[in-house]
Structures are given as structure tokens and as C-alpha cells.
Amino acid sequence: MIKNIKEIILGSDVNKLIFTLFCLLIVTDLGIFLKIPLLREVLSVMFFSFVPGFLILCLLKLDNIDFLKKIVLSLALSIAFLMFVGLGINFLYFANIKPFSLFSLLTSLNCIILVLMLISLKKNKDLTFNQVFNYDIKVKEKSLSLIIFPILFPILAVIGALLMNEINYNIVILAMLLLIPFYLAFLLILKNKVHKLTYPLSLFLISLALLLLHGFTSNHILGIDVHHEFAVFQYTINHLFWDVLTNANNAYYTCTSITILPTIYAVITSMRGEYIFKLIYAFIGSFVPLAAYLTFKKFMRNDKAFLATLLIVFQNFFLLSLGCTRQLVALLFFFLAVFVLFDSEISNKSKKILFIVLICSVIISHYSTAYVALTILIPILLLPFLKNLYQKKKSFKNIDIIIIIFAFMLVWYGIFAGIQLAAGSGSIEQISASAASGISPDSRDDTVLAIFGMGVKSIPNLISIIANDIIFLTIFIGLLSILIKFKYYKKKIDLSFIVGIYLFILLLISFIVIPLVSKLYGAPRLFLQSLIFLAPVFIIGVDEIAKLFKKANLSYVAIFVLLVFLFSCSTYLQYYFYGTPYSIYYESDGKLRNEYFIYDQEITAAKWLNNFKINQTIHTDAIGHQRLMLGGIKFKNISQQSFWENKTFQKGYIYEWNANIKREISYPQLEKEEKRSNFSNLFVGKFIIYDNGYSIIWGW
């Protein structure tokens with residue numbers, strides 16, 4: 001009998017593969033239940049972040065696609081799997097049995113994964129190890145050092161951030177930031193010796209380094225949105241249940257990317273909540289550029305696709321994207337949906353299924369990203385139908401995809417996330433109401449005004465504006481080139497992709513022209529999303545300029561110079577070399593570090609206040625609420641109105657944090673500093689009831 005079992009298991013490659021995955025599942029479960037340090041964290045994250053997605057690819061007969069595609073799609077499909085399975089078991093168990101308790105969660109995941117394994121075994125009898133691991137690792141005459149060197153970047157980022165936190169030593173961080181451009185220069189100079197693995201690996205490691213640098217700055221999460229995201233995660237993990245009925249009016253809570261997903265990771269890894277947002281989301285976010293790289297490879301050479309992707313990586317909003325993790329997850333799905341739509345290696349049937357899964361994952365991850373994605377992709381999907389309609393042919397290509405997506409939206413927004421739809425409708429009403437106001441500074445985001453040179457605050461700020469304006473100008477030249485040489489570029493770039501380019505341009509123009517649009521959504525986040533279509537246009541623009549000078553190599557030099565210029569501004573190096581402290585990462589007295597760096601003592605004060613179970617409002621400025629929320633204070637009990645209006649109030653507490661005390665400044669609005677003395681009337685009749693040197697609490 002044992003011999004028969006052995007023959008079955010080792011009889012074919014697919015049996016060996018499934019048996020290997022089964023053993024890996026057992027080891028992962030043992031690591032989780034036995035609480036084996038490091039093994040539990042690493043193995044559970046790697047297994048549940050890749051294996052479910054890989055099995056789904058096997059079901060779709062996509063086990064033999066390019067290895068890089070397989071890896072990125074496996075990660076994205078695994079994340080989608082965790083969110084959708086989380087939704088399923090949440091309502092299967094309901095609140096009576098905590099669905100996200102370790103036993104019920106792991107039992108459910110194991111059963112579903114085992115079923116996927118058995119079906120994969122049946123459907124892929126001819127699957128071989130060569131098909132699964134179909135990558136070329138033969139270096140031959142290529143440079144091995146160029147492949148290995150970028151591993152230093154994440155290591156330097158973590159060590160540098162920790163040294164900066166502990167002893168204000170910034171040399172390691174600065175060295176890392178300066179090494180990145182030097183490494184890129186060597187890649188371009190020695191491009192004939194670059195192995196094809198080098199480009200995606202370096203993109204991943206550079207992205208990971210920059211995201212980890214942000215994540216490990218301070219012992220706590222940094223940003224604006226992320227504190228609200230962390231609060232809804234905390235609610236979910238504390239209840240071990242996605243209580244959407246109680247939180248139906250919270251648009252954040254209905255984003256599964258920041259409730260169900262981190263809860264599953266927290267339960268299976270037992271990691272501290274904040275490190276889920278620092279480490280795991282940094283890991284996930286590092287795959288976003290790879291999704292873009294896969295897309296760009298279809299239209300240009302590997303080196304140019306690599307450079308186009310760096311335009312995404314070097315965006316300031318990408319560097320800060322751990323401050324808005326729900327959009328980071330949604331961007332991964334959106335970028336991959338675009339890739340799938342234009343990939344020729346994937347069969348039409350599998351393409352439809354993947355596209356639907358990815359778009360539905362965008363919808364449940366982040367509402368705003370989903371609105372933009374659908375605005376762009378639905379017209380692209382309709383192109384074949386409209387073309388056939390114009391030619392009086394009967395064809396309903398892609399109509400089935402659109403119907404399924406809208407049916408899913410009807411269920412999602414109708415049953416679970418009505419508040420997200422209401423938020424979108426409310427924004428449209430505000431925009432419509434202000435449309436007659438014309439162009440005025442108050443109705444535009446500061447980043448939009450900066451494009452036109454308005455609101456320049458300093459010479460380093462001006463340098464940053466110039467860097468971004470040159471990028472915009474280059475993209476504009478690329479757009480004109482596509483129009484002028486339409487027949488030429490139509491052969492190189494899919495017509496539907498060109499349509500996507502101009503749809504995004506129209507959307508970006510609306511952010512400038514229509515009042516309040518950029519205020520409500522934020523131009524940098526839209527521009528980052530648009531780069532899945534516009535980054536290749538940037539490369540085209542530079543190429544066309546090089547052609548005017550009849551020097552092809554000038555293109556690489558110009559792209560490199562522009563990207564390094566952008567990178568230096570996105571990391572605030574121009575402020576550093578100008579002598580103006582600004583960076584959150586490597587300057588102890590930097591403006592951004594003073595605003596966003598969170599000290600343990602600030603959280604301690606908030607927890608002290610929370611222990612009193614007070615019912616009265618806690619007043620703080622526009623940044624202090626982050627510390628209060630991390631200390632467990634509910635956002636509804638926090639008021640920033642008194643500082644915004646600068647009006648005296650009678651009852652309630654005042655919470656002051658490090659910058660209020662040591663720098664004697666307050667923030668009535670984000671990024672707006674005022675002297676603390678300007679708000680002295682708020683403290684009349686109040687006295688200090690708590691002071692730990694970093695935070696003060698005033699009572700009456």
C-alpha cells in the first residue's frame with residue numbers, strides 16, 4: 001500500500017508539485033500553531049501570498065506563462081483570494097463564531113486551498129517543473145554584480161532608518177539615496193551586460209527600499225489616511241469579524257484591503273498591527289512597479305520599459321504610498337488589469353476571467369481608484385463593440401465582461417458599500433455646485449497650482465516644480481508625437497492603449513479646469529494612477545527630442561538626467577543640499593519630520609487619556625489626531641474645529657504633541673504652520689493635567 005501511495009505521489013511532476021505544496025502547507029500550519037518565531041511570520045506570509053494565486057493560474061491553464069508574469073499574478077490573485085475568501089467566511093460563520101479567529105480562519109483557508117490543489121491535479125496532468133519554474137538564470141557573459149548589488153538598497157534603508165530613529169545618524173540613508181542613481185547609471189552604461197532578470201529585480205528592490213524607508217521612519221505608521229485605515233483594521237481585528245452593518249457609514253471600513261486583508265495577515269502571522277502596515281504592505285507595494293513593467297514591455301524594449309517604470313517609482317506619492325495603503329493595493333490590481341487586457345500570451349477566456357477578478361478586486365479595495373479605473377477601462381472595452389456597430393456588424397465583444405462587472409458593482413454598492421457610492425455622488429454634487437466659480441486658487445489643490453508656478457514657497461520648492469513641469473512637458477511632446485505620427489505609433493502601440501492615454505489626459509485636464517476636483521481627490525494620486533498609460537509617453541517624448549538632434553544615445557542620457565532630477569526632488573535632496581531642513585527621513589529638524597514623526601511618548605499620553613473612558617471631546621490641531629487615534633481614541637471624539645476656527649470652547653480636553661510644545665507651532669490645517677501663541681485663547685481657564693515632555697493634556 002505504501003508503495004502504491006509512493007508511486008502515485010512521485011508518478012508525475014504534477015503529483016510531485018502538489019505533494020510539495022501540501023507539505024509546505026503542513027509546515028506553514030505547524031509554524032503557525034506552534035508559534036515558531038520567524039518561521040511563522042515568513043512562511044505564512046510567503047505561502048498565503050503566492051500559493052493560492054498560483055493554484056488559480058493552474059486552474060486557468062496559465063502555468064506555463066512567463067515566470068515574471070506568473071509571480072506577479074500569483075501575488076495579486078492570492079491577495080484577491082484572501083479578501084474574497086475573508087468576505088465569504090465572514091458571512092458563513094457570521095458573528096456567532098468569530099470568523100477571523102485563528103482556528104476558523106486557518107481551517108477555512110486550508111480546506112479551500114486543498115480543494116484547489118485537487119482540482120489543479122486533475123486539470124493539469126501534464127504539468128512539469130520546467131513549466132512552473134520557466135526562468136532563465138544562466139548569466140553567461142552578463143554581469144552578476146548588477147543583479148546582486150540592489151539587494152543592498154532595502155538593507156541600507158532599514159538600517160539607516162533605525163540609526164536615524166535612535167541616534168539621528170543619517171549617513172546610511174543618504175548613501176543609499178545617492179547609490180541608486182549611480183547604480184542606474186551603470187545599468188545604462190553596461191546595458192549590453194545586463195541580464196534580463198536585472199531590470200525587474202532592481203525595480204522590486206529599489207521600490208522595496210524606498211517603501212521600507214518610509215515604513216521604518218518612527219516606530220509608528222506615518223501619513224494622513226493610514227491612521228484612519230489603521231483604526232478600521234483595529235476594529236476588525238478586535239472583533240475578529242467584519243462588522244459592516246455597524247460601520248455602514250464609514251467609507252474606510254468598507255475597503256476590504258484595510259480591514260479583512262490586514263486582519264487575515266495579523267491572525268496568521270501574529271505580527272503587531274503597525275508592522276503589517278509597515279512591512280507587508282511595503283512588500284505588496286513593491287510589486288506595483290513590476291505590474292507596470294510587464295505592461296510596458298509589450299510596447300518597448302526592456303531597458304526603455306525599465307526606465308518608464310522608474311517614472312512611477314520616483315513619484316513622491318509612490319514614496320509616500322504607505323500612508324494610503326488601500327490605494328496601493330488597488331493600484332496593483334488596476335495595473336495588472338491593464339496588463340492582462342493588452343497581453344497576448346494569455347488566452348481570451350483566461351484573460352476575461354483574470355480581468356474581471358482584478359477589476360472586482362479594485363472595487364472592494366478602494367472606491368476612488370475603482371471610479372477612475374472604470375472611467376478609463378469601460379470605454380476601452382466598448383471600442384470593439386462600437387467599431388462593429390459603426391460597420392453595421394453584429395458583435396458583442398467584451399459586453400459580457402462589462403455586464404458582470406456592473407452586476408458585481410450593483411451587489412457591492414447596493415448591499416455592502418453604499419456609503420462609498422454616496423461619497424462619490426456627494427463629491428459630484430459639490431463639483432457641480434462650484435463649477436460656475438471659475439478658476440480660483442481656493443478651488444484647486446496646491447500641486448495643481450504649482451504646475452503654473454503659483455504658491456512657490458522657496459528655491460528648493462521651485463526646483464521641485466521645475467522638475468515636475470519638465471516631466472509634464474516631455475509627456476506633452478510625446479502626446480503630440482503620437483498624434484502627428486499616428487500611423488507609425490499605431491503599429492507599435494495597441495490602438496486601445498492609445499485611447500487609454502488620451503482618456504487619462506482628459507481626466508487630468510478636468511482636474512485643472514473643473515473646480516474642487518483636485519481638492520477632493522488629489523492630483524498626485526491621480527497622476528500616479530495615470531502613469532500606467534502615460535509613462536511610455538514620457539519615453540516617446542524624450543525619444544522624439546533625441547531624433548530632432550539626430551542623436552539616438554541622447555535619449556538614454558536625457559531620460560536618466562530627468563529621472564534622477566525627479567528622484568532627488570521626490571526624496572527632498574534639493575532641500576538638503578540647499579541647507580533647508582525638510583525631509584522626514586534623514587533630517588532630525590526637517591519640516592516634514594517635525595510634522596509626521598511620531599514619538600512613543602505621544603502615544604503614551606493618548607493612551608493615558610483613553611484609560612479614563614472620557615465622553616467629552618478632545619481638541620487638537622490638524623495633525624495631533626493621528627497620535628490620539630494610535631492611542632485608541634475614536635475619531636468621532638476628536639475635534640480639530642476649535643484650532644481651525646480659533647474659537648474658545650468651554651468643555652473638553654486639549655491634547656498637544658511634540659511640535660506644539662518644543663517648536664511652539666500649531667497646525668490649524670495640514671501643512672499650514674502658525675505660532676502656538678496665536679491660539680492662546682483656547683487655553684484660557686484650562687490647566688495641565690498630564691505632561692511627559694513630548695505631550696501635554698489640558699483640562700479644566
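**Entry 1: strands**

I take two strands as paired if DSSP finds at least two bridges between them, and I take helices (H or I, at least four residues) and strands (E, at least two) as DSSP runs numbered from the N terminus. With that settled, I looked up strand 7 and found that I697 there stands opposite Y655. Strand 3 (residues 653-656) and strand 7 (residues 696-699) run antiparallel and are joined by three bridges. Strand 3 also runs parallel to strand 1 (residues 618-619), with two bridges between them, and on that side I noted H619 opposite I654. Y653 and Y655 point one way from strand 3, while I654 and E656 point the other way, and all are buried; buried here means under 20% relative accessible area, exposed over 50%, and partly exposed in between (1.4 Å probe, protein chains only).

**Entry 2: basis of the values**

I am working on a predicted model, in which local features need pLDDT of at least 70 and side-chain atom pairs count only at pLDDT 80 or more, whereas totals for chains, interfaces and linings use all residues. Residues are numbered from 1 along each chain as its sequence is written, and side-chain values use heavy atoms, with hydrogens and water left out.

**Entry 3: positive phi**

I checked K61, which is not a glycine and yet has a positive phi of about 60°. K61 sits in the loop between helix 3 (39-59) and helix 4 (67-93), and it counts as partly exposed because its relative accessibility is 47%. S218, likewise not a glycine, has a positive phi of about 80°; its place is the loop between helix 10 (198-215) and helix 11 (225-239), and S218 is buried, with a relative accessible area of 2%.

**Entry 4: S583**

Leaving aside residues up to four places away in sequence, S583 touches T571, Y572, G590, L592 and R593, where contact means heavy atoms within 4.5 Å. Its side chain reaches the backbone nitrogen of Y585 at 2.9 Å, which I read against the definition of a polar contact (a pair of N or O atoms within 3.5 Å; within protein, one must be able to donate a hydrogen and the other to accept it, and residues adjacent in sequence count only if both atoms are side-chain atoms).

At the start of helix 25, I found a side-chain oxygen of D494 within 2.9 Å of the backbone nitrogen of S496. The buried residues of this helix include S496, F497, I498 and G500. Searching the whole structure gave 45 aromatic pairs, taking rings of Phe, Tyr and Trp (its six-membered ring) as paired if their centres lie within 6.5 Å, with planes under 30 degrees apart stacked, over 60 edge-to-face and the rest tilted. F299 and F497 form a tilted pair, 4.5 Å centre to centre with 45° between the planes. Because F299 lies in the loop between helix 14 (288-296) and helix 15 (302-313) and F497 in helix 25, the pair ties together parts that are 198 residues apart in sequence. F299 counts as buried at 10% relative accessibility, and F497 is buried with a relative accessible area of 0%.
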